[in-house]
Every structure is written in structure tokens, then in C-alpha cells.
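User: I have a structure open and would like to go through it with you. Can we start with one of the turns?
Analyst: Fine, here it is.

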Amino acid sequence: MKGVVFGRWTVISDKFLREYGSQEKRRRRRAYVNCECVCGTVAEVAFIELESGHSRSCGCLLIDTLTTHGLSKTLTYKSWLAMKTRCTNPTLQETKEYCEQIEETYRTTLGEQK
Ligand SMILES: [Zn+2]
């Protein structure tokens with residue numbers, strides 16, 4: 001699965017990092033993989049979120065969308081919370097700064113694209 005792209009994420013591990021749960025079905029759904037975002041952020045992402053399209057970036061995509069397209073009202077509270085959690089996670093302190101920098105870059109270079 002290494003090299004597979006989901007939105008802005010690229011999978012950089014070739015196997016699941018860890019698994020949770022006692023039942024086979026649940027384990028698979030909670031499996032995590034190492035991913036690198038186009039902005040340079042590396043994080044462990046739940047595979048089910050990648051597969052379902054729920055997680056498409058470290059959060060910078062959502063920030064771009066919020067700031068450049070004014071779609072905040074269409075976002076679900078859950079999506080917002082997920083992004084907020086990632087950007088305030090102490091272990092990912094640099095994520096927010098990355099996101100802000102990348103957001104500015106995208107706004108000026110790709111802002112007119114959707
Ligand atoms: Zn990112």
C-alpha cells in the first residue's frame with residue numbers, strides 16, 4: 001500500500017502500524033498507517049478514514065477550504081472537530097504552523113482552483 005495517495009496524504013508505511021479491538025472486523029477498521037501530507041506533515045492516520053475519504057489531509061485542506069471558499073457552514077461539526085484535534089494535538093505542534101503557511105501558499109497559487 002506504500003505510495004498510495006488519498007487526497008493530500010501519501011502512505012509511507014507498507015503495513016498497518018497497530019491495531020485495536022478484539023474482533024477481526026473491528027481491528028481492521030481501527031488500523032493505522034503512516035502518511036505524509038503534501039505540506040510535509042507526517043502522521044498516523046486511521047486507514048478506514050483514508051479509505052472512506054473522511055481524512056484527506058492533515059487538516060490543511062480543510063483550512064484551505066474554510067478560508068478560500070467560505071464553505072464553513074457546510075462542514076459538519078465532526079469534521080471541524082477532527083481538524084481542530086489534529087491541529088491542537090501537542091505531538092503535532094508544528095502542524096498548525098505548516099497548515100497556516102501552506103494555506104497562504106495555496107490561497108495565492110491555487111486559490112482559484114477547486
Ligand atoms: Zn497538510
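User: Which residue takes a positive phi in the hairpin of β3 and β4?
Analyst: Gly 40, with phi near 105°; the hairpin has 4 residues between its strands. Strands here are DSSP runs of E with at least two residues, helices are runs of H or I with at least four, and both are numbered from the N terminus.

User: Is this experimental or predicted, and what are the ground rules?
Analyst: It is a predicted model: local features need pLDDT of at least 70, side-chain atom pairs count only at pLDDT 80 or more, and totals for chains, interfaces and linings use all residues. Residues are numbered from 1 along each chain as its sequence is written.

User: How many bridges join β3 to β4?
Analyst: 5, and β3 (residues 32–37) runs antiparallel to β4. Two strands count as paired if DSSP finds at least two bridges between them. Within that pair, Cys 35 stands opposite Ala 43 of β4.

User: And what is the strand order in the sheet?
Analyst: β1-β2-β3-β4, in an open sheet of 4 strands with antiparallel pairing. The edges are β1 (5–6) and β4 (42–46), each pairing on one side only. β1 pairs with β2 (residues 9–11) over 2 bridges, and there Phe 6 stands opposite Trp 9.

User: Back to β4: which residues are on its covered face?
Analyst: Ala 43 and Val 45, while Val 42, Glu 44 and Ala 46 make up the uncovered face. In a regular strand the side chains alternate between the two faces of the sheet.

User: What does Cys 35 touch?
Analyst: Leaving out residues up to four places away in sequence, Cys 35 touches Trp 9, Thr 10, Val 11, Ile 12, Ala 43 and Val 45. Contact means C-beta atoms, placed from the backbone, within 7 Å.

User: How many residues are in the largest nonpolar core?
Analyst: 15, and those with the most contacts inside it include Trp 9, Cys 35 and Val 45. Such a core is a set of buried Ala, Val, Leu, Ile, Met, Phe, Trp, Tyr and Cys residues joined through C-beta atoms within 7 Å. Buried means 20 or more other C-beta atoms within 10 Å of the residue's own; 12 or fewer is exposed, and in between is partly exposed.

User: Which elements give two or more residues to this core?
Analyst: β3, β4, α2 (47–52) and α3 (60–69). The largest share, 4 residues, comes from α3.

Definitions and conventions: Contact = placed C-beta atoms within 7 Å.
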